[in-house]
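Here's a quick briefing to read with the model open beside you. Have a look at the structure first, then work through the points below.

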Amino acid sequence: MQTPKTIIQKIWEQHVVQHEQGKPDLLYIDLHLVHEVTSPQAFEGLRMNGRTVRQPNLTFATMDHNVPTRERHIIKDQVSKTQMDTLKHNCQEFGITLADIHHPDNGIVHVIGPELGLTQPGKTIVCGDSHTSTHGAFGALAFGIGTSEVEHVLATQTLWQAPPKTLNVKVNGELGTGVTAKDLILAIIGKYGVQFGTGYVMEYTGTAIRALSMEERMTVCNMSIEAGARAGLITPDETTFEYLRGRRHVPQGEAFEEAVAKWRELATDEGATYDAVVEIEAAEVEPQVTWGTNPGMCIPITANVPSPTEAVKTSKKDEITRALEYMGLEAGQPISSVKIDHVFIGSCTNSRLSDLRKAAEVIRGRKVSHAVTAIVVPGSFSIKLAAEKEGLDVVFKDAGFEWREAGCSMCLAMNDDILSPGDRCASTSNRNFEGRQGNGARTHLVSPEMAAAAAVAGHFVDVRQFTAQEVG
Amino acid sequence: MEPLRTHKGLVCPLNRTNVDTDQIIPKQFLKRIERSGFGQFLFYHWRFDDNGNPRPDFPLNDAKYKDASILVAGENFGCGSSREHAPWAVQDFGFKVIIAPSYADIFKNNCVKNGILAIQASEEQVQAIMEKAESEGYTLTVNLEEQVVYDHEGLEVKFDIAPYPKQMLLNGWDEIGVTLTYEEKINHYELVHQQP
Ligand code: SF4
């Protein structure tokens with residue numbers, strides 16, 4: 001009998017081009033996603049060395065980080081414009097399909113890959129962006145790379161990679177009512193820290209993971225990198241196949257059924273072992289709010305902001321002290337007492353149709369607090385259209401939200417959507433690093449439902465109680 | 001890429017953990033389309049206040065570290081975004097070697113591609129070096145071939161590095177050039193797997 005294997009090992013073995021003792025493996029890359037920020041120097045490198053793109057057909061580009069979300073055609077920042085124009089020229093020169101700013105397929109790279117069916121089980125997928133881990137939700141081995149590696153993949157369609165260690169993140173039981181995939185992944189990182197995945201590829205398993213929709217799975221896998229893991233994936237199942245059926249780039253008709261049969265074989269074998277395992281009880285997870293300056297600094301909405309005295313190591317004490325100072329919080333204060341002035345619903349973590357629907361449900365018939373500026377930025381052009389078809393835009397606008405065009409927007413504030421020093425934002429994105437949403441701005445990561453509730457209340461509230469109240 | 005065999009340089013301590021790439025090079029500086037010129041923006045918001053004046057308490061602004069080429073930092077250095085602008089900034093500022101208890105995977109990879117040696121040492125060793133680096137003119141010598149770092153006061157740190165990145169750094173190879181010598185293999189893979 002063959003040794004049982006994990007899905008990670010299976011995908012790996014299917015992609016080894018060259019294996020030599022004492023060297024990384026040369027791995028074939030099935031899909032290379034490209035965006036404007038991390039690619040210009042890579043294309044320039046090709047030009048300087050007289051090289052071409054080996055597989056333009058396996059390469060797909062979009063513009064997302066810099067794009068304006070108010071008026072599409074007005075790019076005030078000339079440097080941003082240059083970066084987008086550069087991508088356009090590069091794609092023309094090297095024959096790469098580009099969903100530019102006015103294209104109906106445009107959107108955040110990790111949102112449109114799955115939407116178009118480019119993301120498929122069993123593929124190796126890379127992008128010059130750390131949240132490439134998102135695509136792992138489909139049972140793909142997907143990870144972020146630097147610009148030198150982008151150039152390497154463009155030129156050779158391969159990468160040198162040392163086989164990763166494997167980590168099973170097992171989530172038992174069921175998530176409670178009002179508790180989301182975002183809360184789950186934040187709770188995992190809160191419990192095990194921002195480093196526990198370093199050197200590993202994670203596989204999320206367990207009943208709570210199986211119960212998640214594709215969009216929720218993407219939210220979980222998206223934040224694998226915040227735990228240090230370059231990739232996190234989930235064995236594909238009926239939920240995956242149903243999501244993919246009929247999408248533009250997947251095989252159609254009978255060929256699709258054949259593909260599904262192949263994808264089923266990817267599942268981790270009974271008895272396969274991992275290099276490490278962590279386990280979480282889903283029922284114990286509560287809605288989360290980050291209080292500090294990395295995603296591991298998060299607590300349940302019912303808890304108080306921690307104090308440096310709770311830490312054992314000096315370096316940890318210092319870190320908490322610094323974070324409290326930056327965030328302008330008092331040790332021991334209830335997180336629900338923290339007032340906000342901005343809400344951002346968007347990013348490759350939480351900007352999909354189901355995220356917008358859930359946030360809209362929370363605010364339907366309510367009003368955004370007068371102290372709060374709230375914006376919704378759909379993940380892609382097609383999500384925006386679909387949401388408008390359902391009237392979600394009206395729900396948001398009636399409540400006092402701004403309804404914007406698609407893009408990364410205030411997730412990293414490279415466009416005009418930027419906060420001022422001292423601003424405090426409830427954000428559905430994935431990073432609460434210092435200055436992420438603007439120099440001196442303070443970011444609290446939450447789920448779309450929690451962000452919507454906070455927009456109305458003007459401070460953090462437990463969405464489980466909030467939604468139980470009458471709309472009044 | 002320039003080969004890196006031995007290096008002797010002044011040490012600058014950065015006593016912070018989980019330093020993310022958003023701090024190493026903030027997003028407003030990612031819009032350039034060149035590879036060079038990022039050093040001036042390294043740790044921008046830690047180095048400069050809101051009016052663009054240097055913050056006197058930040059080590060990189062301390063005159064005694066002006067010519068430092070070895071950066072010592074806390075665990076999980078380079079976490080977060082994959083932006084290679086981070087190692088470009090570190091290098092352009094003048095650093096050739098980093099020493100820390102641990103690194104984020106993508107950052108570490110990006111360092112190798114740019115000829116920066118990211119040495120992993122134990123937390124105690126890193127602390128010891130940080131303390132020594134408080135004094136003026138503290139230098140370390142790095143010998144990559146021998147995988148050792150030492151000073152002239154008897155400190156010696158042996159470090160691990162995988163053979164492949166070691167060779168890359170020692171020889172300053174152009175990795176794409178190396179890979180293209182395997183073109184036959186790639187052709188074969190594509191034939192078997194019916195890639196276009
Ligand atoms: S939405 Fe944010 S995290 Fe996602 S790709 Fe854009 S900038 Fe990166």
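Strands here are DSSP runs of E at least two residues long, while helices are H or I runs of at least four residues, and both are numbered from the N terminus. Two strands count as paired if DSSP finds at least two bridges between them. This is a predicted model, so to speak of local features pLDDT must be at least 70, side-chain atom pairs count only at pLDDT 80 or more, and totals for chains, interfaces and linings use all residues. Residues are numbered from 1 along each chain as its sequence is written, chains are lettered from A and ligands numbered from 1 in the order written, and side-chain values use heavy atoms, with hydrogens and water left out.

**A sheet in chain A**
- Four strands make an open sheet in chain A, in the order S11-S10-S9-S12, with parallel pairing.
- Its edge strands, pairing on one side only, are S11 (231-233) and S12 (276-281) of chain A.
- From one strand to the next the twist averages 20°, with axes fitted to C-alpha atoms and angles running from 0 to 180 degrees between N-to-C directions.
- Strand S9 (residues 165-172) of chain A runs parallel to S12(A), and 6 bridges join the two.
- Within that pairing, A:Asn168 sits opposite A:Val277 in S12(A).

**Cavities**
- The whole structure holds 4 cavities of 30 Å³ or more; a cavity is a set of points, on a 1 Å grid over the protein atoms alone, where a 1.4 Å probe fits but cannot get out, and lining residues have an atom within 4 Å of a point.
- The largest cavity comes in at about 240 Å³, a volume being the space filled by probe spheres set on the grid points, which are joined across faces, edges and corners.
- It has 23 lining residues, and A:His65, A:Asp129, A:His131, A:Leu412 and A:Arg436 are the closest to its centre.
- Domain 1 (7-277) and domain 2 (292-466) of chain A both contribute to the lining of the largest cavity, so it lies between them; the domain bounds come from an automatic or database assignment.
- The second largest cavity has a volume of about 140 Å³.
- Its lining has 14 residues, with A:Ile225, A:Gly228, B:Cys79, B:Gly80 and B:Ala104 nearest the centre.
- Domain 1 (7-277) and domain 2 (292-466) of chain A each give at least three residues to the lining of the second largest cavity.

**Chain B**
- Residues 1-123 of chain B are 22% helix and 19% strand, with the end C-alpha atoms 30 Å apart.

Technical notes. On a 1 Å grid over the protein atoms alone, a cavity is a set of points where a 1.4 Å probe fits but cannot get out, and a pocket is an open set with protein on both sides within 12 Å along at least five of seven lines; lining residues have an atom within 4 Å of a point.
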